[in-house]
Amino acid sequence: QRRTKRKRSTRNMSSEEKDVPQNTQDLTVFVQNLLQQMQQRFQDMSDAIIQRIDDMGSRIDELEKSIGELMTQAGIEESQPQLTGGD
């Protein structure tokens, strides 16, 4: 006895079932879209990390400048690092 496949009506499908690809072409498109979304999210996260690193670098530069100015006001030479602790 031969079984025949009956196509389910989309009216009776849940929203999750509607999102599941029904054939190879749909699956290919689904996977491509998913990969594009993942790539975009990765790029957005990478851009945000790079921006934070740049901001942190600027803050460190400002901090170094401020420390240098304070050391100059206090009469401490920058070329002589003070060591703490020791042998």
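The structure is a predicted model, and its secondary structure consists of two helices and zero strands. Of the 87 residues in the protein, 3% count as buried.

**Helix α2 and its ends**

- Helix α2 covers residues 24-74, which is 51 residues, and its span from the first C-alpha to the last is 74 Å, close to the 75 Å expected at 1.5 Å a residue.
- At the start of α2, Asn23 places a side-chain oxygen within 3.1 Å of the backbone nitrogen of Gln25.
- Just after α2, the backbone at Gly75 adopts a positive phi of about 80°.

**Nonpolar surface**

- A nonpolar patch on the surface is formed by Leu27, Phe30, Val31, Leu34, Leu35 and Met38, which together have about 540 Å² of accessible area.
- Leu27, one of the residues of this patch, is located in helix α2.

Technical notes:
Residues numbered from 1 in each chain as written. Predicted model: local features only at pLDDT ≥ 70, side-chain atom pairs only at ≥ 80, totals over all residues. Heavy atoms only, no water. Helix = DSSP H or I, 4+ residues; strand = E, 2+ residues; numbered from the N terminus. Expected span 1.5 Å × (residues − 1). Polar contact = N/O pair within 3.5 Å; in protein donor to acceptor, adjacent residues only side chain to side chain. Buried < 20%, exposed > 50% of the residue type's maximum accessible area, 1.4 Å probe, protein only. Patch = residues over 30% accessible without salt bridge, like charges linked within 9 Å, V, L, I, M, F, W, Y side chains within 5 Å. Areas by Shrake-Rupley, 256 points an atom, 1.4 Å probe, with all protein chains shown as cover. Salt bridge = Lys/Arg side-chain N within 4 Å of Asp/Glu carboxyl O.
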